[in-house]
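This report walks through one protein chain for a reader who is meeting the structure here. Please keep the sequence and the model in view while reading.

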Amino acid sequence: MKSFAKILSLVAVSAIVGAGAGYWASREAANQSSVLGANAPGSNAPISMASYSGQAAPQGIAPVDFTQAAERSVEAVVHVKTKYYRQQYVDPFYHFFFGRPQQSQQPSAMASGSGVILSNDGYIVTNNHVIEDANEIEVVLNDKRTFAAQLIGTDPNTDLALLKIEATDLPTIEIGNSDDLRVGEWVLAVGNPFNLTSTVTAGIVSAKARSINILNSDMKIESFIQTDAAVNPGNSGGALVNTRGQLVGINTAIASQTGSYAGYAFAIPTAIMQKVVADLRQYGTVQRALLGIRMLDITQQVKDQLSLESMEGVYVGEVISGSAADKAGMKAGDVIVQVDGRPINASSQLQEQIGRKNPGDQITILVRRGHRSVSLQVTLTAL
């Protein structure tokens with residue numbers, strides 16, 4: 001399987017984990033960036049002033065109002081600040097007299113990101129890379145109150161983390177269904193870019209189920225919502241909301257050659273977030289279910305080389321012996337086209353569907369085997 005030309009360059013608040021291979025066959029995502037030149041003075045390109053004409057919107061097109069969505073979400077988005085310490089030897093003679101070097105801890109770095117309040121008793125979701133290896137975590141609410149945060153658990157496989165602050169009657173945000181998002185739908189990104197608190201930007205859903213190979217984990221799950229809402233360093237862990245003010249994603253990464261917004265931003269869908277948060281809250285770790293295959297996205301080249309009927313589905317390159325897929329009768333060469341009735345056309349979509357499940361859950365997988373369709377009942381296993 002050939003790699004694409006370049007790997008997306010991704011920037012977030014603190015160090016984002018690098019690309020790695022999972023138990024699924026990982027693939028590099030390509031990104032060709034280009035610079036859009038501004039119109040030069042004297043050019044013939046049409047230019048108009050950005051003034052409001054006062055004319056009504058064309059008939060049949062409803063004006064878009066983001067104010068209610070912003071009001072419903074901004075109070076539930078917090079500023080997450082982290083401190084990192086290093087050991088310093090203060091007195092080299094201390095070891096000679098007392099048998100050990102004298103040490104002190106000094107602040108070596110500070111970073112910040114965003115988080116979203118999920119419950120009025122203080123549970124907050126953010127990105128794992130925002131708080132990874134931090135010695136201290138501080139949460140600043142939109143009303144400027146400050147709390148020390150306890151780390152409940154992390155999931156590097158999805159780049160999510162759960163925090164807890166000791167507070168009550170906190171503002172929360174309604175969780176929406178990320179499955180209902182449609183490409184072209186308006187969304188808002190709410191967070192704290194460049195330490196600018198309570199910042200709201202707007203854009204549309206550019207794509208769904210994007211895999212961009214930024215997570216360094218054996219079982220990474222990447223099925224991002226792509227949006228063109230302006231997201232910058234500091235937005236990581238913040239909210240992606242729909243026009244009804246419902247949380248539909250957690251802003252995580254940007255694709256950029258400069259380190260700042262360049263038109264591409266990526267958010268973890270709430271369909272993945274809810275399972276991770278529930279497990280972290282109950283167990284402190286994520287109960288991950290396994291299917292047990294190595295898979296391949298079907299491109300025109302793959303279709304031609306393997307003489308497949310179409311490019312629909314995900315190709316099963318290998319079935320791990322003794323795995324859930326093996327016990328259900330899945331075979332190498334099968335093409336997975338549906339999971340529980342949901343169409344599957346990319347490995348990221350399959351990762352997302354399996355990532356929502358718990359060990360022991362039973363799912364129905366429809367595969368294309370040669371010229372016929374086969375329905376398999378699969379009981380997922382634990383790691």
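This is a predicted model: local features need pLDDT of at least 70, side-chain atom pairs count only at pLDDT 80 or more; totals for chains, interfaces and linings use all residues.

## Serine 178 and its surroundings

Leaving aside residues up to four places away in sequence, serine 178 touches Lys208, Ile225, Val248, Pro269, Thr270 and Ala271. The position of serine 178 is in the loop between E8 and E9, and with a relative accessibility of 2% this residue counts as buried.

## The chain as a whole

The protein chain holds 7 helices and 22 strands. Among its 383 residues, 46% count as buried. When contacts with a separation of 6 or more are considered, 65% of them are accounted for by residues 24 or more positions apart.

How many of the 6 residues of strand E14 are buried? The count is 5 of the 6, in a strand that covers residues 264-269, so E14 is largely enclosed by the rest of the structure.

Two pairings involving E14 can be followed in the model. Strand E11, residues 224-227, is joined to E14 by 3 bridges, and the two run antiparallel; glutamine 226 stands opposite phenylalanine 266 of E14. Strand E13, residues 247-255, also pairs with E14 in the antiparallel sense, over 6 bridges, and here isoleucine 250 has isoleucine 268 of E14 as its bridge partner. In a regular strand, side chains alternate between the two faces of the sheet.

## The cavity

Rolling a probe the size of a water molecule over the atoms shows where empty space is left. A search of the whole structure finds 1 cavity of 30 Å³ or more, and the volume of the largest cavity is about 40 Å³.

Which residues line the largest cavity? They are Thr158, Ile221, Glu222, Ser223, Phe224, Ile268, Pro269 and Ile272. Sorted by class, this lining has 5 nonpolar, 2 polar and 1 charged residues. Ile268, one of the lining residues, is also the E14 residue that partners isoleucine 250, while Pro269, likewise in the lining, is among the residues that serine 178 touches.

## The second largest pocket

The second largest pocket holds about 240 Å³ of space. It is lined by 14 residues, of which Asp179, Lys208, Gln349, Glu352 and Gln353 are the closest to its centre. Strand E10 (199-210), strand E19 (342-343) and helix H7 (347-355) are the elements that give two or more residues to this lining, and H7 supplies the largest share, 3 residues. In terms of class, the lining of the second largest pocket is made up of 5 nonpolar, 4 polar and 5 charged residues.

Helix H7 is itself mostly covered, with 8 of its 9 residues buried. Those buried residues are Ser347, Ser348, Leu350, Gln351, Glu352, Gln353, Ile354 and Gly355, and among them Glu352 and Gln353 also belong to the residues closest to the centre of the second largest pocket.

Side chains of opposite charge can pair when their charged atoms come close. Across the structure, the count comes to 12 salt bridges. In one of them, the side chains of arginine 342 and aspartate 179 meet at 3.4 Å, N to O. Arginine 342 belongs to strand E19 and aspartate 179 to the loop between strand E8 (160-164) and strand E9 (186-191), so this pair ties together parts that are 163 residues apart in sequence. Both count as partly exposed, arginine 342 at 38% relative accessibility and aspartate 179 at 23%.

A further salt bridge, at 2.8 Å, N to O, is formed by the side chains of glutamate 352 and arginine 356; glutamate 352 is buried, having a relative accessible area of 9%. Asp179, Arg342, Glu352 and Arg356 are linked in a network of salt bridges.

Lysine 357 and aspartate 340 also meet through their side chains in a salt bridge, at 3.5 Å, N to O. This pair links distant parts of the chain, 17 residues apart, with lysine 357 in the loop between H7 and strand E20 (362-369) and aspartate 340 in the loop between strand E18 (335-339) and E19. Lysine 357 counts as partly exposed at 22% relative accessibility, and aspartate 340 is likewise partly exposed, at 36%.

Key: Residues are numbered from 1 along each chain as its sequence is written. Side-chain values use heavy atoms; hydrogens and water are left out. On a 1 Å grid over the protein atoms alone, a cavity is a set of points where a 1.4 Å probe fits but cannot get out, and a pocket is an open set with protein on both sides within 12 Å along at least five of seven lines; lining residues have an atom within 4 Å of a point. Grid points are joined across faces, edges and corners, and a volume is the space filled by probe spheres set on the points. Helices (H or I, at least four residues) and strands (E, at least two) are DSSP runs, numbered from the N terminus. Ala, Val, Leu, Ile, Met, Phe, Trp, Tyr, Cys and Pro count as nonpolar, Asp, Glu, Lys and Arg as charged, and the others, Gly among them, as polar. Buried means under 20% relative accessible area, exposed over 50%, partly exposed in between (1.4 Å probe, protein chains only). Two strands pair if DSSP finds at least two bridges between them. A salt bridge is a side-chain nitrogen of Lys or Arg within 4 Å of a carboxyl oxygen of Asp or Glu. Contact means heavy atoms within 4.5 Å.
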